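Biologist: I'm new to this one, can you walk me through it? Put the structure up and I'll ask as we go.

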Amino acid sequence: MAKDKSAEKMKRKDYEKELQKLQVQLCHLQEWVRANNLRVIILFEGRDAAGKGGTIKALTEKVSPRVFRVVALPAPSDREKTQLFLQRYMQQFPAAGEIVIFDRSWYNRAGVEYVMGFCTPAEHKRFLSLCPQMEQYIIEGGIILIKLWLEVGMDEQERRFRARIDDPLRQWKLSPMDTESYRRWYDYSRARDLMFKATSSKHAPWNVIRSDDKRRARLNCIAFLLKTIPHGRVRRDKVKLPQRSNKGRYNDQAGLRGMKFVEERY
């Protein structure tokens, strides 16, 4: 009996081959966005350990940070807590020729803030009510808005958390808030369901990506974005390196004598 493809973890070699193809297309998308002054917002949401960071890294590692700008806001300051809730997010919205990627977004209010009691039930209810209107305003203003939810299973989340506990390179990813979210799995599930019901509108729907297999999730995410954001190829003249000028030629290495160099340990 053939194995279920969805149950198999994608091999690294296959993943890297497909990722390279998609990243070439992302470079074409980048040129199109810049040439046509497009403005794009991509929201990444999901449970802790759903794979948002790795997906964003795969999406942005071969493109310019001047076009693909990642925003991961810290907890609000005392001053920001007194502002309109969306104010600090709107400050990060794209200008012409930019794609802004929110690594968590205003939907914090529908998730961690609601579950952990950082906002009142009235504030949560008001957010869910007003959010579709606000997003309609964003879209009518000419911004392309794409909302992504990475859905990781209970067992896979536990496996990833345990891997972080034992790996010194990933322990920094595990905060007290993460362990509390692990304990409150079903509270977060209910919060997710309320959020989907209230804010997955016709003009700004949620797009769910299963992420138990991180590699498949990253490829599916990038392929979806390339399909969703309208773009074409920008014709560019082939770059030719000019001949170096010998005017003012001198021994420029002599000027490094006596400087302190870093020890060459490798």
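Predicted model: local features only at pLDDT ≥ 70, side-chain atom pairs only at ≥ 80, totals over all residues.

Biologist: Okay, let's start inside. Which residues have the most contacts inside the largest nonpolar core?

Modeller: Those are F44 and F68, in a core of 31 residues.

Biologist: And which helices and strands each supply at least two residues of this core?

Modeller: Helix 1 (12–35), helix 2 (52–60) and helix 10 (214–228) do, along with strand 1 (39–46), strand 3 (98–103) and strand 4 (144–151). As background, nonpolar side chains tend to be buried together in soluble globular proteins.

Biologist: What is F44 in contact with, leaving aside its neighbours within four places in sequence?

Modeller: Its contacts include K52, T55, I56 and L59. I101, F102, D103 and R104 are also among them, and so are L148, L150 and C221.

Biologist: Switching to helices. At what angle do helix 6 and helix 9 cross?

Modeller: Roughly 40 degrees, with the axes of helix 6 (residues 121–140) and helix 9 (residues 185–199) coming within 9 Å. Helix 6 and helix 9 are therefore oblique to each other.

Biologist: Is that crossing of helix 6 and helix 9 left-handed or right-handed?

Modeller: Right-handed. On the helix 6 side the contact is made by H124, L128, C131, P132 and E135, and on the helix 9 side by L194, M195, A198 and T199. By class, that contact has six nonpolar, two polar and one charged residues.

Biologist: Now helix 7 and helix 8, how do those cross?

Modeller: Their axes, for helix 7 (residues 154–166) and helix 8 (residues 176–183), cross at roughly 150 degrees and come within 11 Å. So helix 7 is roughly antiparallel to helix 8. The crossing is left-handed.

Biologist: Which residues meet there, from helix 7 and helix 8?

Modeller: Q157, E158, F161 and R164 of helix 7 meet D178, S181 and Y182 of helix 8. That contact divides into two nonpolar, two polar and three charged residues.

Biologist: Last topic, loops. What is the phi of N37?

Modeller: It's positive, about 55 degrees, although N37 is not a glycine. Most residues other than glycine have a negative phi. N37 sits in the loop between helix 1 and strand 1.

Biologist: And R104, where is that?

Modeller: R104 is in the loop between strand 3 and helix 5 (112–116). Its phi is also a positive value, near 75 degrees.

Biologist: What is the relative accessible area of R104?

Modeller: It's 25%, so R104 is partly exposed.

Notes: Residues numbered from 1 in each chain as written. Heavy atoms only, no water. Axes fitted to C-alpha atoms, helices over the stretch in contact; angles between N-to-C directions. Helix = DSSP H or I, 4+ residues; strand = E, 2+ residues; numbered from the N terminus. Parallel < 35°, antiparallel > 145°, perpendicular 65-115°, else oblique. Left-handed = near helix turned anticlockwise from the far one by under 90°. Contact = heavy atoms within 4.5 Å. Nonpolar A, V, L, I, M, F, W, Y, C, P; charged D, E, K, R; others polar. Core = buried A, V, L, I, M, F, W, Y, C linked by side-chain atoms within 4.5 Å. Buried < 20%, exposed > 50% of the residue type's maximum accessible area, 1.4 Å probe, protein only.
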